[in-house]
Amino acid sequence: MKHLTRREKEKEMRDAGRLPNGQSLTEKFPVLTYGPTPRFNPESWDLRVFGEVAAEKRWTWEEFLQLPTGQMTVDIHCVTRWSKFDTSWEGVMFKDFLRQLDLKPTARYVIAHCEYGYTTNLPLEIMDDDDVMLAYKYEGKFLHEPELMEHGGPLRTVVPKRYFWKSAKFLRALEFSPVDKPGFWEQGGYHNDGDFWQEERFQRRGFF
């Protein structure tokens, strides 16, 4: 079988309708993070849920690992114009996670709160999709392993239908809100929705 070059693979993905406009295929996994990579202590780490829920909840690391597990293989697309195909993830599907909660009818948006105060926002209807995950493994390895921690360990969201900055790294809390709350990059000029098929990169012309 012929070994395809990167350019040949890129053309194959474009011809298949999998490569959005303005993107280039990468075989690496670039690291783009605001702030340092945190340290992970499984004894003190927890995930908090608050806001428009009947009762605030928390999970320790061991408790979170006991939740129903899902797997998926998806393409990811970064606003900085790289695309990586057929990435494999394991964790808790967001739909399954919602079954652990008693949401109020007023819950409309999900605000991901991460280490060092970073946040990003999406409507609940986007997060409540079949392919959205709270991921703790990538390609069969835990994200908190040293070689993967910089990719968002121990837990991150993966939202394949949006630019990858909407997939929050180093997740520590999920807020369910009745109103939208633009996050770090959204306040800095990135598009609030981030649909890569629509090339929703920035809010205003001339930002970059």
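Asp 15 is exposed, its relative accessible area being 56%. This value, like those that follow, comes from a predicted model. The salt-bridge partner of Asp 15 is Lys 11, and the closest N and O atoms of the pair lie 2.7 Å apart. Lys 11 is likewise exposed, with a relative accessible area of 52%; both values qualify because exposure is assigned over 50%. The two residues belong to helix H1, where they stand four residues apart, so about one helical turn separates Asp 15 from Lys 11.

Glu 10 is buried, with a relative accessible area of 10%, whereas Arg 6 is partly exposed at 31%.

Side chains of opposite charge can pair when their charged atoms come close. In total, 19 salt bridges are counted in the model. One of the pairs joins Glu 199 and Arg 201, with an N to O distance of 3.7 Å. This pair is counted because the cut-off for a salt bridge is 4 Å. Arg 201 is buried, with a relative accessible area of 4%, while Glu 199 is partly exposed at 36%. Salt bridges also link several residues into a network, formed by Asp 46, Arg 48, Glu 56, Arg 58, Glu 115 and Arg 172.

The strands considered next form an open sheet. Five strands make up this sheet, in the order E3-E2-E11-E6-E7, and their pairing is mixed.

Strands of a sheet pair through backbone hydrogen bonds, either parallel or antiparallel. The pairing of strand E6 (residues 109-114) with E7 is antiparallel and extends over five bridges. Within this region, His 113 has Thr 119 of E7 as its bridge partner.

Methods
Residues are numbered from 1 along each chain as its sequence is written. This is a predicted model: local features need pLDDT of at least 70, side-chain atom pairs count only at pLDDT 80 or more; totals for chains, interfaces and linings use all residues. Side-chain values use heavy atoms; hydrogens and water are left out. Two strands pair if DSSP finds at least two bridges between them. A salt bridge is a side-chain nitrogen of Lys or Arg within 4 Å of a carboxyl oxygen of Asp or Glu. Buried means under 20% relative accessible area, exposed over 50%, partly exposed in between (1.4 Å probe, protein chains only).
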